[in-house]
Amino acid sequence: MSIFKTINTSASGLTAQRMRLDVISDNIANVNTTRTEDGGPYRRKEAVLQSKEDDSFQRFLRNSMNKQKTHQPGVRVSHIDEDQSPFLEKYQPDHPDADENGIVQKPNVNIVTEMTNMISANRAYEANITSINTAKSMAMRSLEIGR
C-alpha cells in the first residue's frame, strides 16, 4: 500500500467521523424539540458507516477477468437512519403540545448515549489524524535518506 493510499484511507475516515459528529450534534441540539416540520417530536438519527470497498463476488470476478485493480479502501457514510424507539412521555399540562391528558411526547434522544457516541467519534477522528501524521513523517524521512 502506498503512502498516498494510506492518507486517502484515513481521509475517508475523517470525513465519515465528521459526518457522524454532525448527526450527533443535531441530536443534542434537538433534545427538547417537541414539534418538527412533520408534526411530531424530533426522532433521533444515526449515521451508518460502510466500507468503501465492494466485497461482492461479482466485483472479484469482474476485476480478475479485466485484470483491474479498483481497490478503494476506506469508509463512507452509507445513509442516516432514524431510531424507531418510542418517544419519551412526560406529564406537562401547561405545555402547548400536551394532549388532552397533559402528556407531552419528547424526542427519543438520550444525552448520555449521545455523549458516549461523541467521545467514540472523537477518538476515531484522532486515530485517523495520527495515521496521517505518521504517513507524512514516513514520507519526510524517506526523502532524507538521499541526503
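**Labels and their grounds**

Guide: Glu37 is exposed, and its relative accessible area is 86%. The model discussed here is a predicted one.

Visitor: Why is Glu37 called exposed?

Guide: The label exposed needs a relative accessible area over 50%. Glu37 has 86%, so Glu37 is exposed. The residue sits in the loop between α1 (3-29) and β1 (45-51).

Visitor: Which residues form the negative surface patch?

Guide: The patch consists of Glu37, Asp38, Asp81 and Glu82. Asp and Glu count as negative, which is why the patch carries that name.

Visitor: What secondary structure does the chain have, and in what order do the elements run?

Guide: The chain has three helices and four strands. Starting at the N terminus, the order is α-β-α-β-β-β-α.

Visitor: Why is the chain called more spread out than a compact globule?

Guide: For 147 residues the globule rule gives 15 Å, and the radius of gyration of the chain is 22 Å. That value is well over the rule, so the chain is more spread out than a compact globule. Along the principal axes, the C-alpha atoms fill a box of roughly 75 × 40 × 20 Å. Buried residues account for 22% of the 147 residues.

Visitor: How do you know that Arg18 and Asp22 form a salt bridge?

Guide: The cut-off between a side-chain nitrogen and a carboxyl oxygen is 4 Å. The closest N and O atoms of Arg18 and Asp22 are 3.0 Å apart, so the pair qualifies as a salt bridge. The structure holds six salt bridges. Both residues lie in helix α1, four residues apart, or about one turn of the helix.

Visitor: Is Arg44 counted as buried or exposed?

Guide: Buried means under 20%. Arg44 has a relative accessibility of 8%, so it counts as buried.

Visitor: Which salt bridge partners does Arg44 have in Glu46 and Asp83, and at what distances?

Guide: Arg44 bridges to Glu46 with the closest N and O atoms 3.7 Å apart. The side chains of Asp83 and Arg44 also meet in a salt bridge, at 3.6 Å from N to O. Asp83 belongs to the loop between β2 (75-82) and β3 (88-91), and Arg44 to the loop between α1 and β1, so this pair ties together parts 39 residues apart in sequence. Through shared partners, salt bridges join Arg44, Glu46, Asp83 and Glu114 into one network.

Visitor: Why are Glu46 and Asp83 called partly exposed?

Guide: Glu46 has a relative accessible area of 40% and Asp83 one of 25%. Both values fall between 20% and 50%, so the label is partly exposed.

Visitor: What makes up the nonpolar surface patch?

Guide: Phe57, Leu61 and Met65 make this patch of about 370 Å². Leu61 is in helix α2 (residues 57-66). A patch residue needs over 30% relative accessible area. Leu61 has 38%, so it clears that cut-off, and it is classed as partly exposed.

Notes: Residues numbered from 1 in each chain as written. Predicted model: local features only at pLDDT ≥ 70, side-chain atom pairs only at ≥ 80, totals over all residues. Heavy atoms only, no water. Patch = residues over 30% accessible without salt bridge, like charges linked within 9 Å, V, L, I, M, F, W, Y side chains within 5 Å. Areas by Shrake-Rupley, 256 points an atom, 1.4 Å probe, with all protein chains shown as cover. Charge placed at Lys NZ, Arg CZ, Asp CG, Glu CD. Helix = DSSP H or I, 4+ residues; strand = E, 2+ residues; numbered from the N terminus. Buried < 20%, exposed > 50% of the residue type's maximum accessible area, 1.4 Å probe, protein only. Rg over C-alpha atoms; globule rule 2.2 N^0.38 Å.
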